[in-house]
Amino acid sequence: MSAADEVEVVTEGQAVEAVPKRAMTLGAGTSLTVLVLLLVIPLFVKNFIIFQMTMLLIYGLAVLALNILTGGSGQFSLGQSAFYAIGAYTSAILMEHFNLNYALTLPVAGLLCFVAGFLFGQPALRLSGVYLALATFALATAMPQLLKLGYFEHWTGGVQGLVVTKPDAPEYLESALKALHLNISQDMWVYYFTLVITVAIYVWSVNLLRSRSGRALMAIRDNEIAASSMGVNVALYKTLAFGVSAGITGVAGGLGAIAVQFVAPDSYTITFAISLFLGMVVGGVGWLPGSFVGAAFIIFVPNISESISKGLSGAVFGVLLFLVIFLVPHGARQVAIAGQQLAGRFRR
Amino acid sequence: MRSCQLHAAALAAAAFALTTGNALAQKKYDTGAGDTEIKIGNIMPYSGPASAYGVIGKTEQAYFDKINAEGGINGRKIKFISYDDGYSPPKTVEQARKLVESDEVLLVFNPLGTPSNSAIEKYMNTKKVPQLFVASGATKWNDPKDFPWTMGWQPSYQSEAHIYAKYLIKEKPEGKIAVLYQNDDFGKDYLKGLKDGLAAKASMIVAEESYESAEPSIDGHIVKLRASGADVFVSITTPKFAAQAIKKLAEIDWHPIHVLSNVSASVGGVMQPAGYENAQGILSAAYAKDGADPQWDNDPGMKNFFGFLAKYYPDANKRDGSVVYGYGVAQTLVHVLKMCGDDLTRENVMKQAASLRNFETDTLLPGIRINTSPTDFAPIQQLKMMRFKGDKWELFGDIISGELSN
């Protein structure tokens, strides 16, 4: 390995390291392969696996949103579960009380969360680093209790939560597939629906970070003073990052409510916020494709550790997490870079 | 009276023989059952905020180990698959789907928690897989018309509250009741039960205060309740707050009739920390025997229970009510599966579960029986009042039924 290669593995300096924007995404070939796999796999697996894949995409979106905030603009948040909850409840309430079509509830959820995030971003401007993390932590702790409040109970169902009806595939699609002797289950439909939205948001996010706004965010992340002296409106971009992140989390929350068919305050506790944070770190801070690797980690690793030992599942999970952080501190991104280098060497 | 009981027993035996006889002729199986094995699924919070209840799952596993070691149920071994949901509803959904679609269990037995069970209720009923004997005291599990595949087990909070209402109407008809309740499904369900039970006498309640489970102290609420001039204090609280309330009452020298919900009736968990001297005379109700109470040491049922613990689950804490609970509910399931004979279809499991007649587990208080019918999905509805004296509970009075009229 040459010295130049060594530099590729970024050395840690600040809390959120500077990720060059090119390195935030995957190559076109890899992206297409992954997309094809995501399209084809559900045709051959059980509904349960499809459901797990749906959850993977949804959690992936939520981690992605956090990644834009932390990896993009360098702000920490432990409050993503709160925005996820707002999104989930918005979708659930609109579907169950107002009979709105499930697809239409998502933009509403996203918009509402964008506004909520933007507003929360205002006071958050004065805080940075651990203090911001703490403020968002408060948001996450407060959310389940707010949802239980008697005042909202008529809408939220209080502690009992709300049951959401799972959508069927649209009739024209169903009849078209029937003609081909194919059946589409509810799970499969929800999966493809989620996939389309996830891909759209992913592509949009990648473009966002490559755009002028993305460059401004990264400038803020790397050095706020330098960014402001270059003419970047630091306050505006920081709050915008909060808003965008919350908005995407809200859409993920709405999708989550549709896929799980149930919302309750206990689903959106601080533990969930920490899981998302964990997913981001495991996936690699600032590396967008890593979000989905991180999501896989928070969904599947608890199951694996449980199968190893029921009584000590928490401890086993801790050991696995420790191993990941110890061996690959930059998460999936580091693995990907190492893989690329390896492939490059073989080519030579 | 005696002959009447004999008759009933004979009839039950005949009916049992008939059903098994029928089933012998034709072995019928649904997914998850076969000639050698019955797959039972379960979801427990082994991790997370409610992980103390994980003991229930472990006890059930140990009980099924015992059944398997003794030859299984009608020759079939039980394969018990228990997953952790960390008390998080989305995870419960994932685990329930894994059990039904991937592990292909015959039924999901005793999943724990009101929110977790609410999350999977619709799914289980659409899939027509029994969600049998759920571990939650919510009243909603007794709804055979809308959810014919879901059944509770323990007395519902409302049933228990009915019993206190009956007692208070009888013993303290002119009483003024102050209620402290936890602001969640448990507290609200309970309060509703109390009011329904008091019915026309609901005006006996002169003050209501709710607290959040996140509040550090409930002292303020107690002082407020005292100011209402009440002489009966109903404490619908979870253990930590129950102990606080007992202490505070002694501190401000307020001595009303103190009724305490069964969930907090633990001697080790509530009475001891609150101080035995402060807890004298507190009233509550129970349906199961207390493993720590020496009065059951020579009870044949509890001897079975202790024997089981010694052999199959030696590191269990017999003072822990969850162990007694897990044993009792697992015993009920085994009884239902025995009744199913060779017709191990999901439909028959529900049918047999809905036709329990005067079934007694080793751990139920003497005289308390499990009864179900196609329109009654609440297996245990009876409790016995008890009063705290010295360092233990003393049972008194008759068995009271808290049956809810739907």
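Me: Which residues of H4(A) and H6(A) meet?

Reply: A word first: this is a predicted model. From H4(A) come Ser81(A), Ala82(A), Ala85(A) and Tyr89(A). They meet Leu139(A), Ala140(A), Met143(A) and Leu147(A) of H6(A). By class, the contact has seven nonpolar residues, one polar and no charged.

Me: Why are H4(A) and H6(A) called roughly parallel?

Reply: Look at the angle between their axes. H4(A) covers residues 80-98 and H6(A) covers residues 129-148. Their axes cross at roughly 30 degrees and come within 8 Å. Angles under 35 degrees count as roughly parallel. That makes H4(A) roughly parallel to H6(A).

Me: What makes H3(A) and H9(A) roughly parallel?

Reply: The axes of H3(A), residues 47-73, and H9(A), residues 186-210, cross at roughly 20 degrees. The label needs an angle under 35 degrees. So H3(A) is roughly parallel to H9(A). The two axes come within 9 Å, and the crossing is left-handed.

Me: Which residues of H3(A) and H9(A) meet?

Reply: H3(A) gives, among others, Ile50(A), Phe51(A), Leu57(A), Leu61(A) and Ile68(A). H9(A) gives residues including Tyr191(A), Leu195(A), Ile201(A) and Leu209(A). The contact divides into 15 nonpolar, seven polar and one charged.

Me: Where does Thr271(A) lie, and why is it called partly exposed?

Reply: Thr271(A) lies in helix H13 of chain A, residues 270-283. Thr271(A) has 16 C-beta neighbours inside 10 Å. Buried needs 20 or more, and exposed needs 12 or fewer. The count of 16 falls in between, so Thr271(A) is partly exposed. Thr271(A) and Ala140(A) are 131 residues apart in sequence. In space they are 9.1 Å apart, C-alpha to C-alpha.

Me: How do you know that the radius of gyration of chain A agrees with a compact globule?

Reply: Set the value against the rule. A compact globule of 348 residues would have a radius of gyration near 20 Å. Chain A has 21 Å, so the two agree. Its C-alpha trace spans about 60 × 50 × 45 Å along the principal axes. Chain A has 16 helices and two strands. Of its 348 residues, 47% are buried.

Me: And what is the value for chain B?

Reply: Chain B has a radius of gyration of 22 Å. The rule gives a value near 22 Å for 406 residues, so chain B agrees with a compact globule. The C-alpha trace of chain B spans about 70 × 50 × 40 Å. Its secondary structure is 13 helices and 13 strands. Buried residues come to 53% of the 406.

Me: What makes H13(B) largely enclosed?

Reply: Count its buried residues. Six of the eight residues in H13(B) are buried, so the rest of the structure largely encloses this helix. The six are Arg346(B), Asn348(B), Val349(B), Met350(B), Gln352(B) and Ala353(B). They pack against strands E4, E5 and E11 and helix H12 of chain B.

Me: Why is Ala199(B) called exposed?

Reply: Ala199(B) has 10 C-beta neighbours inside 10 Å. The cut-off for exposed is 12 or fewer. So Ala199(B) counts as exposed. It lies in the loop between H6(B) and E7(B). Most residues other than glycine have a negative phi.

Me: How do you know that Asn358(B) is exposed?

Reply: Again by counting. Asn358(B) has 11 other C-beta atoms within 10 Å, and 12 or fewer is the limit, so it is exposed. Asn358(B) sits in the loop between H13(B) and E12(B). It too is not a glycine, yet its phi is positive, about 45 degrees.

Me: How many residues of chain B are in contact with chain A, and which element gives the largest share?

Reply: On the side of chain B, 25 residues are in contact with 24 residues of chain A. E3(B), H3(B) and H4(B) each give two or more residues to that side. H3(B) gives the largest share, eight residues. By class, the side of chain B has 10 nonpolar, six polar and nine charged residues.

Methods: Residues are numbered from 1 along each chain as its sequence is written. Chains are lettered from A and ligands numbered from 1 in the order in which they are written. This is a predicted model: local features need pLDDT of at least 70, side-chain atom pairs count only at pLDDT 80 or more; totals for chains, interfaces and linings use all residues. Helices (H or I, at least four residues) and strands (E, at least two) are DSSP runs, numbered from the N terminus. The radius of gyration is taken over C-alpha atoms; the globule rule is 2.2 Å times the number of residues to the power 0.38. Axes are lines fitted to C-alpha atoms, for helices over the stretch in contact, and angles run from 0 to 180 degrees between N-to-C directions. Angles under 35 degrees count as roughly parallel, over 145 as roughly antiparallel, 65 to 115 as roughly perpendicular and the rest as oblique. Two residues are in contact if their C-beta atoms, placed from the backbone, lie within 7 Å. Ala, Val, Leu, Ile, Met, Phe, Trp, Tyr, Cys and Pro count as nonpolar, Asp, Glu, Lys and Arg as charged, and the others, Gly among them, as polar. A crossing is left-handed if the near helix is turned anticlockwise from the far one by less than a right angle, and right-handed if clockwise.
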